Amino acid sequence: MTKVVYEGWMVRYGRRKIGKSFIHMRYFVLETRLLAYYKKQPTDNMVPLQSLVIDGNCRVEDRGLKTQQGHMVYVLCVYNKKEKHQRMMMAAYNIQDALNWKEKIEFVIDQQHGLATGNGNSTFVSRDLGMDIDRNASSSSHERNPEDEEENNSNLPRRTTIGNGPPDSVLDWTRDQLSPRKHWRLVRCQNGLRIFEELPRADRLPRSYSKAMKAVGVVDATSAAIFELIMSMDGTRFEWDCSFQYGNLVEEVDGHTAVLYQRLQLEWCSRIVWPRDLCYVRYWRHNDDGSYVVLFQSREHPNCGPQPGFVRAHMESGGFKISPLKPRNTRPRTQVQHLMQIDLRGWFVGYFPSFQQHCLLHMLSSVAGIRELFSQTDEIHTAPRIPIMVSMTSDSVSSEKEQKTQEISIQPGVSLDQVFTDNTHPLILDEDSDEEEDNHILDAEEEGSTTTTGNNNTQTDMDVETSDSFDTSCFSGNLRRDDDENSRDCWRLPDGNNFKVRSENFFKDKSKIPAGKYVMEIVAVDWLKNATRMDNVARRSGCAAQVASERGLFSFVINLQIPGSTHYSLVFYYVKKQLEPGSLLQRFVDGDDEFRNSRFKLIPSVTKGSWIVRQSVGSTPCLLGKAVDCTYVRGEKYLEIDVDIGSSAVANGVLGLVFGVLTSLVVDMAFLIQAVSPDELPERLIGAVRIAHAELSSAVVADLGDNPLEE
């Protein structure tokens, strides 16, 4: 009987034949001689989608960060050195998960290598001969092809991770021989940081006007969590980097190297000093001692020319070094070094040298921002997925008016995928796909490679998602759908990954993951009013629920009842072909009211609105059945939930505040069934909706046949 060494959910990605990319969650299982993955957590005699035999010839290759549909995943490639076509790709949203899998797979390879050696097997494997290897060197700093290098160099460590290494032009200031301590002088202590200045070296003249400075601080968090925070270029960066305005991905060179564009928020005489921007190459690596290195250096790029209204600064060297320290009182501790050597350029620098130093200290203070963010937020101590980066489109020819509009629309806390909606696509997390995997073409990294499954069938290394599509053109509601971010009095569909739900390991580590794909599809929204409270609105002839029932579809109707002198109802219609027998959703639909009240959950979010409204509404998930009165109406082909917001004094008070500024708000709402046992994890959203700048005057009188409101 085989022994399971490690198992859990990981990411698979690729593209369809029509060219559209996708990402799936798959359940990977590592046994003593086999790595396989399934669409669901496997049961007895379940055949895997793909499998790979693990022996002493296998290698684990670090492919670094891969941008897929605007999201970033950490990619591993497991392959057989002797059989090059036998390989398997897997990815994770956070680095720690990927490193854990890499360690476990290497452990199995070690075991198989030991068995082969003990049995006198002549199969070639590279050997660790105790050579004097720099353990602080990057595991991704080798430039040759892994197969060629191993054949020609018997001294190579067997588990070397392959990468292209840093670009030649990027100075690695973290190497001791390049930046010894004697060339740094402490100039001040500020915000709990030590600020150092580079001393002039007699053997090397300064390359420019600017001096290098670095800040050193200690953060109570793991090095992996800090690394993932630093790699972000979305709205979360506003929470710790006061010099960040926004940034874009210009080009992804490889898994460890990318060209980025960034605008700086320097706040120095903004009326007379033009803002600065940067185009630079970023390289990162993970060292064997657990530390991370992120290096920056300016780089010209044809797709990132000078931008109107900005002065292009030049960063000669910069980046972060993130080194783990010994824990104190069981809390993780990490030393963070942030170095910058930048020439801000422009006439103002020559007349006011203090401008350069002030802005440099402003940028270095981000280390203090990271420290305070982790000290004040418990949730971030669990390693999050690598945040979104938005692909850059050339805006060199855009007008100043368009640029000003873009700048004004970016607010702290709003991710860039909401600002540049034309450059992103929703991420598909498909855990329940029932289709085969032969309907897709290979991703560029995997073209020409296939793996053999346990039943000796050859398949491509791709996945497909469940087909639950139906014609939505027959559905309509009186509140219109408009996907234009600037439209008013309408509804839109938000990205499911904006919401966090319980992961498969929630009951072990309280971790949450992006929700991903919705279980049901929203087809219509009604905005109704009446003299009395409106119950069981799904019974109305011609509404979306009745149309779905006529077509044999099942509807999940949510009726948010808003009390007042005039009663309003905001009704959401979610539709699915049929309920899956035994699923959590089916148990909820056919369960009793006590079960439903204990499980029905709302995740709210005010994406646009005043600070006081944001704080009042919050974004904490809420069990609606325990907070307000919910009435459940089970029809033949639908379930309606009437949520009486006025039944709670607290909710009614918040509602009064929100109603006063309703036309200025953009509100997201996601609905799901709460998981309370490991077999119900991970959680999945039933659906979500975004209501943008709703107008009370646009509500229509509901014809329920009982006391309608006369217009």
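This is a predicted model: local features need pLDDT of at least 70, side-chain atom pairs count only at pLDDT 80 or more; totals for chains, interfaces and linings use all residues.

Student: Why is Gln297 called buried?

Tutor: Its relative accessible area is 11%. Buried means under 20%, exposed over 50%, partly exposed in between (1.4 Å probe, protein chains only). So Gln297, at 11%, is buried.

Student: What polar atom lies 2.9 Å from the side chain of Gln297?

Tutor: The backbone oxygen of Glu316. A polar contact is a pair of N or O atoms within 3.5 Å; within protein, one must be able to donate a hydrogen and the other to accept it, and residues adjacent in sequence count only if both atoms are side-chain atoms. Gln297 itself lies in strand 14, residues 292-298. Strands (E, at least two residues) are DSSP runs, numbered from the N terminus.

Student: What makes strand 12 mostly covered?

Tutor: In strand 12 (residues 257-264), 8 of its 8 residues are buried. Thr257, Val259, Tyr261 and Arg263 point one way, and Ala258, Leu260, Gln262 and Leu264 the other. In a regular strand the side chains alternate between the two faces of the sheet.

Student: How do you know that strand 11 pairs with strand 12?

Tutor: Pairing needs at least two bridges found by DSSP. Strand 11 (residues 244-252) and strand 12 have 7, and run antiparallel. Therefore they pair. Glu251 has Val259 as its bridge partner.

Notes:
Residues are numbered from 1 along each chain as its sequence is written. Side-chain values use heavy atoms; hydrogens and water are left out. Helices (H or I, at least four residues) and strands (E, at least two) are DSSP runs, numbered from the N terminus.
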